Amino acid sequence: MSEPLFLQSVMQEKIWGGTKLRDEFGYDIPSEKIGEYWAISAHPNGVSKVANGRFEGTDLATLYAEHRELFGNRPEPVFPLLTKILDANDWLSVQVHPDDAYGLEHEGELGKTECWYIIAADEGSEIIYGHNAKSKDELRQQIEAKDWDGLLTKVPVKAGDFFYVPSGTMHAIGAGILILETQQSSDTTYRVYDFDRKDDKGNLRELHLEKSIDVLNIGEPANSRPATVKADDLRSTLLVSNDFFAVYKWEITGKVDFEKTADYSLLSVLDGEGQLTVDGKNYPIQKGSHFILPSDVEAWTLEGQGLELIVSHP
């Protein structure tokens, strides 16, 4: 019998983290500085485990390696995506991620293209999204001069906004923002600027200026243009589609039947509650639920009022 894969996942403490993962989603957090919840992950730095069914207790990396049929026998050698929720109680570092070629050559893992759905944002919250340098030489000069006001592009944000952040994009998430991030399964980050913060041992965090300059794109980042379709009780918005992933927002007010259109899908419930039905069995879902619909789930039903989900697939 086919079944969804609900997941138990890993919290990551961060210098900029806070308590919104508990306050907004009801998660049990181990400290007051939790910055990331790796909700669907097979990355070795934070692997999810299956919480139900015949694979209960199996970690996602092992499941992907040993039961590739559940993932459409796709060619990616490792589980390719990672879904996170980030609580930015303070600014994250100004940073950039490499593309696959650079990441594999220099770090031994994939690069990182990612995207952000803004779940919540305090009044006046901002992100850094791109920079103003017109050449690599100008970029280097402004970084070395620490001309951050002249270099960095700040953008105000609000709940419901979406940003596509390809590899090579200068970026930072600002204080007071809660984000769901869909990304390639990579943990490689090059810091450009960290606000001269010190860690709990009194040390400045490492910067990676030469690698950052190597991989930073010149020119404004090109955000995606979400497209929405409405059918009966479903409002579906395609947020982005690229070589690495497609990401949708589903808003459900009632009962919606689905048929498989991807080899497998990752689903995260951002609001509301209801139920998922697969092969005649009902599974309760609520804000904060995360699960995978593997390849053998050919059809399913979602039912609820005010259900909001972010859905992705490779």
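**Figure 1. Two domains in one predicted chain.** The protein chain is split into domain 1 (5-215) and domain 2 (227-313), with bounds that come from an automatic or database domain assignment. This is a predicted model, in which local features need pLDDT of at least 70, side-chain atom pairs count only at pLDDT 80 or more, and totals for chains, interfaces and linings use all residues. Residues are numbered from 1 along each chain as its sequence is written, and side-chain values use heavy atoms, with hydrogens and water left out. The C-alpha centres of domain 1 and domain 2 are 23 Å apart. Across the boundary, 35 residues of domain 1 are in contact with 29 residues of domain 2; contact here means heavy atoms within 4.5 Å.

Figure 2. For residues 5-117, UniProt lists "domain: Phosphomannose isomerase type I catalytic" (unreviewed entry). UniProt positions follow the numbering used here, feature names are shortened, and annotations may be inferred rather than shown by experiment. The end C-alpha atoms of residues 5-117 lie 23 Å apart, and this span is 18% helix and 33% strand. Helices (H or I, at least four residues) and strands (E, at least two) are DSSP runs, numbered from the N terminus.

Figure 3. Which residues touch the most other members of the largest nonpolar core? They are Phe71, Phe79 and Ile292, out of 38 residues in this core. A nonpolar core is a set of buried Ala, Val, Leu, Ile, Met, Phe, Trp, Tyr and Cys residues joined through side-chain atoms within 4.5 Å. Strand S3 (residues 34-40) gives the most to this core, with four residues. Because domain 1 (5-215) and domain 2 (227-313) both give residues to this core, it lies between them. Leaving out neighbours within four places in sequence, Phe79 is in contact with Ile40, Ala42, Leu60, Tyr64, Phe71, Ser185, Tyr264, Leu266 and Ile292. Apart from this core lies another, of 20 residues, including Phe6, Val269, Val278 and Trp300.

**Figure 4. A six-stranded open sheet.** The strands of this sheet are in the order S2-S3-S5-S12-S7-S10, with antiparallel pairing. Two strands pair if DSSP finds at least two bridges between them. At the edges are strand S2 (10-18) and strand S10 (162-165), each pairing on one side only. Neighbouring strands of this sheet are turned by 25° against each other on average, direction ignored; the axes are lines fitted to C-alpha atoms, for helices over the stretch in contact, and angles run from 0 to 180 degrees between N-to-C directions. Five bridges join S2 to S3, and the two run antiparallel. Glu13 has Ile34 in S3 as its bridge partner.

Figure 5. Thr83 sits in strand S5 (residues 81-88). Is Thr83 buried or exposed? Thr83 counts as buried because its relative accessibility is 3%; buried means under 20% relative accessible area, exposed over 50%, and partly exposed in between (1.4 Å probe, protein chains only). Not counting residues up to four places away in sequence, Thr83 touches Tyr37, Trp38, Ala39, Ile40, Leu180, Glu181, Leu266, Ser268 and Ser312.

**Figure 6. The annotated position Arg191.** UniProt places the feature "active site" (unreviewed entry) at Arg191. In the model, Arg191 belongs to strand S13 (residues 190-193). Residues up to four places away in sequence aside, Arg191 touches Ser93, Val94, Gln95, Arg205, Glu206, Leu207, His208, Leu209 and Ser212.

**Figure 7. Strand S19 and its partners.** From strand S19 (residues 290-293), His290 and Ile292 point one way while Phe291 and Leu293 point the other way, and all are buried. Strand S1 (residues 5-8) runs antiparallel to S19 and is joined to S19 by two bridges, with Leu5 standing opposite Ile292. Strand S17 (residues 265-278) is also antiparallel to S19, through four bridges; here Ser268 has His290 as its bridge partner.

**Figure 8. Gln8 in strand S1.** Gln8 is part of strand S1 and counts as exposed because its relative accessibility is 51%. The C-alpha atoms of Gln8 and His290 are separated by 8.6 Å, although these residues are 282 residues apart along the chain. Gln8 touches Ser48, Lys49 and Ala51, again without residues up to four places away in sequence.
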